[in-house]
Amino acid sequence: MQLFKKHSPFIHLALFYFFVGIITRLVLLFHPITQTNFSFIDVVKIFSLGFLFDVFIFIITSFFLWIYLLFLSNSKFQKPWGYIVFGLMILLLLYLLSGKSILHEYGGSLPEIGIALVSLKTILFGLMLFLPKDRSNIRLILYSITIFIFVLIIIQNAISEYFFWNEFGVRYNFIAVDYLVYTNEVIKNIMESYPIIPLFTGVGLATLFVTFIIVKRSKAFLNKLPSFTEKIKSTLLYSLFFVASVFLIPFLSKQETSHNVFANELQSNGMYRFYLAFMNSELDYDKFYKTLPSEKTFAIIKQLIPGFSQNYSARTISSTNPENKKNVVLITIESLSADFLKTYGNEQNITPFLDSLANQSLQFSNLYAVGNRTIRGLEAVTLCLPPTAGESVVKRKDNKNKFSTASIFKTKGYQINFLYGGDAYFDNMEDFFGGNGYKITDKKTLKPEEITFSNVWGVCDGDMAKKAIQVMNEASKTGKPFFNHWMTVSNHRPFTYPDGKIDIDAHSKSREGGVKYTDYALKQFFEMAKKQSWFKNTVFVIVADHCASSSGKTQLPLDKYRIPALIYSPGFIQPAVYNKMVSQIDLMPTLFGLLNFNYKTKFFGQDVLKTDYQPRAFIATYQDLGLLKDNVLTILSPKQKVKQFYLKLDPRDNVGTDFQIHYEQIPLKKENSKLVIETISYYQTASSVLKNKKYEK
């Protein structure tokens, strides 16, 4: 069978794909972000089962290559078939050019793409039909281009996996699927973050070299194309391999059983992980996770959240003190890990302003982000709801008219604004905040003279700080209190910012530079704010959206979810350190408590300063849902899996007791059923109220 012999391009591309897979695993294995040790069994599984994974994935993903090779033949150019095929292709092209084709019914770019592809195919077929003496040379050129494309895809995928691992410490996941939607931002981000010309040049040269080798070694295949009978036999065999691969890939996926998360990631295949993430963009809790009777979960939540009702109607929060309708400014800071601050042990002095501000604020030293994406953090402080499986509510179609912090402020007569230095279209923020009563100020609303520096993510935080002051000054003129939520952008790859603002070179493109510049911009903001008439009547809430990195050697590494949070209001909020465990969803309900608001609420988040508060925190990825409580981490995962770990403090000598963030996760030998039930109750109930539209205003 020609298609399976040693000179076949199918075999050569397969061998190249397997070689790249091995090299990729080796590179990722020794990458600095892979912070763990591997057992001998782990290494064996990574390379043996990983190789099998690559074999089966190649068989499936090479489907189009197989189709291309099947249609290589000389017989189709023989009379009269060649002329008949050419005539049919011209008719198809005319049909597309008529403007009334099925592609035109769908609109968009489909007609242009269809016309371009059919035109190219028609021209090439015509050349090979009417120039039989040059047919071999034309075919060789087209064959070389085809091999080049497949080699480029293999190399480019490996490079992309490296960059993704460099950023997140995992194979492709839900974030990679997200990036497909925002291709423009992602491509610009890569171009601004890495030496793109040398990188592309290197990829191009490597692709050309490998293409030359494969074409040279498989040229004999073109000189003796397989017969129709051989193609039928080969296709039957390929079909058997294809079907077997479809069944064996999920089986191999189930062998990712190591307690070492990095080992499981390396053992897997990036393309398959991408497929899984794409298919599971929205996860139905009842279908994928361990459940309990809904009556029981509501009863449990009623015990955990005072005033929670069985039918999930709004409960009343009351205060005996007069309401204090101060202005509120909520600043969510991009990727600000707790360990960037001095109190958590950082010795680089990259947050000097925030370090000083913390000493003048109510500081939550033990607060956890709910997730590892900006939209999860925005969801947490806006909806005060535990994270649910799959997409954030921000990204879902049913994301409007929700019960939110804006809902409460509106009932109190506040003006509501969301400020973002980038384009709020990104991550669906414009749709979410606009659909929940916020007026939006983003990059599109800034005048050219208001922008001194910008990159792919938007205007620098310094420019947005000035715009925020301007927006707040305008709001204060109305005589009504205002609530402004500002989301920063500068602490994000490519970490570029204006020259001469901080003592880290603006061209270094370092994380430390991004952090320190944002800290600098916040200092400028507060210096300007203190000069405004509204400052003394304003409460500032400063919190990270998530940590700078989510990778770790455990499924949900605690230190990658610990974030700083401050409430600052001189003369109103007394400086203190609150050291009980707090979730990101509790921050705004706690603020409402400090303001003595009387209101009806559907929040799962609670005022942590109340005496009946039971410390706990929620941490999650798009599919692993965790609850931290009583020194135990309980994790719910798809396929009804439940894991529990005892948290043993791993203290650092230069860090105070209230600011320790590192824990060793030791698997529990005996399940803590009480905490399992509580975890299920929280997440099942949160999913239920969203699914059944009970979280509306």
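Colleague: How many residues lie between S17 and S18 in their hairpin, and which residue in the turn has a positive phi?

Modeller: This is a predicted model, in which local features need pLDDT of at least 70, side-chain atom pairs count only at pLDDT 80 or more, and totals for chains, interfaces and linings use all residues. Residues are numbered from 1 along each chain as its sequence is written, and side-chain values use heavy atoms, with hydrogens and water left out. Helices (H or I, at least four residues) and strands (E, at least two) are DSSP runs, numbered from the N terminus. Three residues lie between S17 and S18 in the hairpin, and Lys639 in the turn has a positive phi of about 70°.

Colleague: In which sense do S17 and S18 pair, and over how many bridges?

Modeller: Two strands pair if DSSP finds at least two bridges between them. Strand S17 (residues 632-637) and strand S18 (residues 641-649) pair in the antiparallel sense, over six bridges.

Colleague: How is the crossing of two helices read, and at roughly what angle do the axes of H3 and H7 cross?

Modeller: Axes are lines fitted to C-alpha atoms, for helices over the stretch in contact, and angles run from 0 to 180 degrees between N-to-C directions. The axes of helix H3 (residues 63-70) and helix H7 (residues 135-168) cross at roughly 170° and come within 12 Å.

Colleague: Which residues of H3 and H7 meet?

Modeller: In contact (heavy atoms within 4.5 Å), Phe64, Leu65 and Tyr68 of H3 meet Leu142, Tyr143, Thr146 and Phe150 of H7. By class, this contact has six nonpolar residues, one polar and no charged. Nonpolar covers Ala, Val, Leu, Ile, Met, Phe, Trp, Tyr, Cys and Pro; charged covers Asp, Glu, Lys and Arg; the others, Gly among them, are polar.

Colleague: How many salt bridges does the count come to?

Modeller: Side chains of opposite charge can pair when their charged atoms come close. The rule asks for a side-chain nitrogen of Lys or Arg within 4 Å of a carboxyl oxygen of Asp or Glu, and the count comes to 24 salt bridges. One of them joins Asp427 to Arg373, with the closest N and O atoms 3.4 Å apart. This pair links distant parts of the chain, 54 residues apart.

Colleague: Is Asp427 buried or exposed?

Modeller: Asp427 is buried, at a relative accessible area of 2% (buried means under 20%, exposed over 50%, partly exposed in between, with a 1.4 Å probe and protein chains only). Arg373, at 14%, also counts as buried. By contrast, Asp431 and Lys400, whose side chains meet in a salt bridge of 2.9 Å from N to O, are both partly exposed, Asp431 at 28% and Lys400 at 32%.

Colleague: Where are buried residues found in helix H22?

Modeller: Helix H22 (residues 587-594) is mostly covered, as seven of its eight residues are buried. They are Leu587, Met588, Pro589, Thr590, Leu591, Phe592 and Leu594. After H22 comes Asn596, which has a positive phi near 60°.
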